[in-house]
Amino acid sequence: MFKSEIYRARRKRLKNLVGSGLCLFPGNDDSPMNYPANCYPFRQDSTFLYFFGLDSPGLNAIIDIDENKEIIFGDDVTLEDIIWVGPRKKLKERASEAGVKTVLGSNELVPYMERALKQNRKIHFLPPYRGETKIKLARWLNLEVDQVKDQVSVDLIKAVVTLRAVKGEEEITEIERALRVTREMYLAGIPAARPGVKEQEVLAMMEMVLRANGLSFSFPPIITINGQIFHKTTYGDTLKKGRMLVMDSGAESERHYAADITRSIPVGGKFNSRQKDIYSIVLHGQEEAIKAIKPGVYFKEIHLLAARVMAEGLKDLGLMKGDLDEAVAQGAHALFFPHGLGHMLGLDVHDMEGLGENYVGYDETVQRSEQFGLGYLRLARKLQPGFVLTVEPGIYFIPALYEKWRKEKKFKDFINYEKVEKFLDFGGVRVEDDVLVTGDGCKILGPRIPKKIAEIENLFR
Ligand SMILES: [Mn+2]
C-alpha cells in the first residue's frame with residue numbers, strides 16, 4: 001500500500017472528473033485452475049488497486065459521487081479461514097489504510113445497488129475481463145450477462161485513463177523497483193544462452209532471481225530462438241549457434257507495477273556479421289526513437305521515425321530499395337517490423353488495455369490506421385509528461401509473411417525479395433526499454449541493462 005493520502009487524492013480527482021452517479025469497482029476473486037480450491041495466483045484488479053490498494057480477493061467497492069460516500073464491501077476472515085490461511089487484519093483497519101471509513105458486509109452490496117437502481121441513478125463501471133466479474137455485475141445490476149458489456153461507462157473509462165496514464169512519483173519508484181530486479185534477471189539469463197542449452201534453462205536462471213526477490217512475472221515471458229513468432233510462450237527449443245535468442249520479460253513489483261524489457265542475444269554470446277548488421281539497425285532505430293520522445297509529439301510519429309531509421313539500415317544492407325519515404329508511408333517496412341513501437345506501462349504491462357485500446361492509445365485527433373502493421377499500434381496519441389511507455393522496435397523474418405507478399409509481388413519496388421530470402425532462417429531481433437516522458441524529453445527508467453554489442457559480448461567472458 002501507498003500512503004492513504006494517495007488513494008484519497010486519486011478518488012477525489014475521479015469524483016471531479018466523472019461528476020455524478022455511482023462508480024462500481026468489482027475487485028477480483030480467486031480464480032480456480034482445475035478445481036475450486038486450486039487457484040491461479042491471486043492478482044487484484046489494477047483499477048481496484050489504483051483507487052483502494054487492497055490486495056486480496058472477495059472485495060468490491062463503490063464511490064458514490066451523488067451521496068459523497070466511499071464504501072468497501074467485504075467480510076472479515078472466519079475462524080475456519082484463520083485455520084487454513086492464517087489471521088488477517090480487520091477489514092475496517094485495512095480500509096482505513098486506503099483512507100476509506102465505511103466498510104459493509106458483502107451481503108449489503110445487492111441491497112445498496114437495488115436502492116440505486118430504483119432511484120434511476122447512473123451506475124458507472126468499467127469493461128469486465130473475467131467471466132466471474134461479468135456474472136457479478138449482471139447480478140448486481142439486474143442484467144443478463146450478455147448485456148453487461150453494452151452498459152459500461154465511457155465517462156468512467158475516460159476518467160480512469162486520464163488519471164492512470166500520468167504516473168505519480170510513487171508509481172515511477174515502483175516501476176524502477178521492478179526494473180532493478182528485471183536487470184538482475186537478464187544478467188543471470190544472458191550468459192546462460194549457450195549452444196546446447198534449452199530455452200527453459202535460460203528461463204529458469206531468470207526466474208530464480210525473480211523468485212528470490214519475492215516477485216513474479218508481469219506477463220508470461222518470451223524466451224525463444226524463434227523471435228519471429230511474437231507471442232511464443234513455450235520454452236522447449238535447444239539453443240543453436242547462429243540463432244538470436246529473444247528475451248522479453250519483466251518483473252512485477254510488490255505493489256504490482258510492471259517492468260517490460262527485451263534483449264536479443266546471439267546464442268553463444270558472439271555476434272556473427274549478419275547478426276551484427278540486423279541488431280545494429282534495430283538498436284539504432286530504438287535509440288533514435290527514444291531521442292525523439294517528448295511531450296506534445298504523437299507516438300505514431302515516433303513509430304514512423306523508428307520505421308524510417310530501420311528502413312534506411314535495411315536499404316544499406318540491400319534488403320529494401322527505392323524511395324524510403326514512400327516505402328514507409330505505404331507500409332512496406334511492415335514485412336520486417338509489423339508490430340507497434342510500444343505501449344503504456346503501469347499497473348498492467350499493457351497499461352489499461354482492458355479498458356479499450358482506443359481509449360488508452362488514441363483520441364479524437366488520431367484514429368487507428370487501417371494499414372497492415374501501423375494498425376497494430378497500441379499507442380499513437382500525443383505524449384504528456386508522466387506517461388510511461390515501452391520503446392520496442394524489432395526486425396523479424398517471418399517466412400509465411402514473406403511467401404505471401406512475394407507471391408503477390410507486394411511492394412516489389414521497395415523490397416528486394418531475393419536478398420530477403422537469404423535471411424529466412426534468421427529469426428528476429430527486438431530491443432525494448434521502459435521510458436518516462438519528462439517535461440522536455442524522456443528518460444529511460446531503471447538501471448542500465450546491457451544492450452550495446454560489446455556490452456552483451458562482455459557478459460559471456
Ligand atoms: Mn512490451
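## Overall fold

Of the contacts in the protein chain with a separation of 6 or more, 73% are between residues 24 or more positions apart. Keep in mind that this is a predicted model. The protein chain has 16 helices and 17 strands, and 54% of its 461 residues are buried.

What about overall dimensions? The radius of gyration is 24 Å, which agrees with the value near 23 Å that a compact globule of 461 residues would have. If you're setting up a box, the C-alpha atoms fill roughly 70 × 50 × 40 Å along the principal axes. The protein chain exposes about 20500 Å², and carbon and sulfur atoms supply 51% of that.

## The manganese site

Now for the metal. Four residues coordinate the manganese ion: Asp260 through OD, His343 through NE2, and Glu392 and Glu432 each through OE, at 2.1 to 2.3 Å. Written as a sequence pattern, the donor spacing is D-x82-H-x48-E-x39-E. Asp260 and His343 link distant parts of the chain, 83 residues apart. Aspartate 260 sits in the loop between strand 11 (251-252) and strand 12 (261-266), while histidine 343 is in the loop between helix 12 (324-330) and helix 13 (357-361). Both aspartate 260 and histidine 343 are buried.

Glutamine 44 is in the loop between strand 3 (38-39) and helix 2 (46-52).

Which backbone atoms does the side chain of glutamine 44 reach? One is the backbone oxygen of leucine 54, at 3.0 Å; another is the backbone oxygen of serine 56, at 3.3 Å. Leaving out residues up to four places away in sequence, glutamine 44 touches Gly27, Asn28, Leu49, Leu54, Asp55 and Ser56.

## Helix 5 and its buried face

Helix 5 spans residues 109-118, and Leu109, Tyr112, Met113 and Ala116 in it are buried. Look down the axis of helix 5 and these buried residues fall within an arc of 95 degrees, so they line one face of the helix.

What covers the buried residues of helix 5? The cover includes strand 1 (22-26), strand 4 (60-64), strand 5 (69-73), strand 7 (123-124) and helix 6 (131-141). After helix 5 comes asparagine 120, with a positive phi near 55 degrees.

Valine 282 belongs to helix 10 (residues 273-292). Is valine 282 buried or exposed? Valine 282 is buried, with a relative accessible area of 0%. Setting aside residues up to four places away in sequence, valine 282 touches Met310, Pro393, Gly394, Ile395, Val429, Arg430 and Val431. Its C-alpha atom is separated by 8.6 Å from that of alanine 306, 24 residues apart along the chain.

Then there's arginine 211, in helix 9 (residues 199-212). At 46% relative accessibility, arginine 211 counts as partly exposed.

How values were computed:
Residues numbered from 1 in each chain as written. Predicted model: local features only at pLDDT ≥ 70, side-chain atom pairs only at ≥ 80, totals over all residues. Heavy atoms only, no water. Donors = N, O, S within 2.8 Å, 3.2 Å for Na, K, Ca; no water. Helix = DSSP H or I, 4+ residues; strand = E, 2+ residues; numbered from the N terminus. Buried < 20%, exposed > 50% of the residue type's maximum accessible area, 1.4 Å probe, protein only. Polar contact = N/O pair within 3.5 Å; in protein donor to acceptor, adjacent residues only side chain to side chain. Contact = heavy atoms within 4.5 Å. Arc of directions from axis to C-beta. Rg over C-alpha atoms; globule rule 2.2 N^0.38 Å. Areas by Shrake-Rupley, 256 points an atom, 1.4 Å probe, with all protein chains shown as cover.
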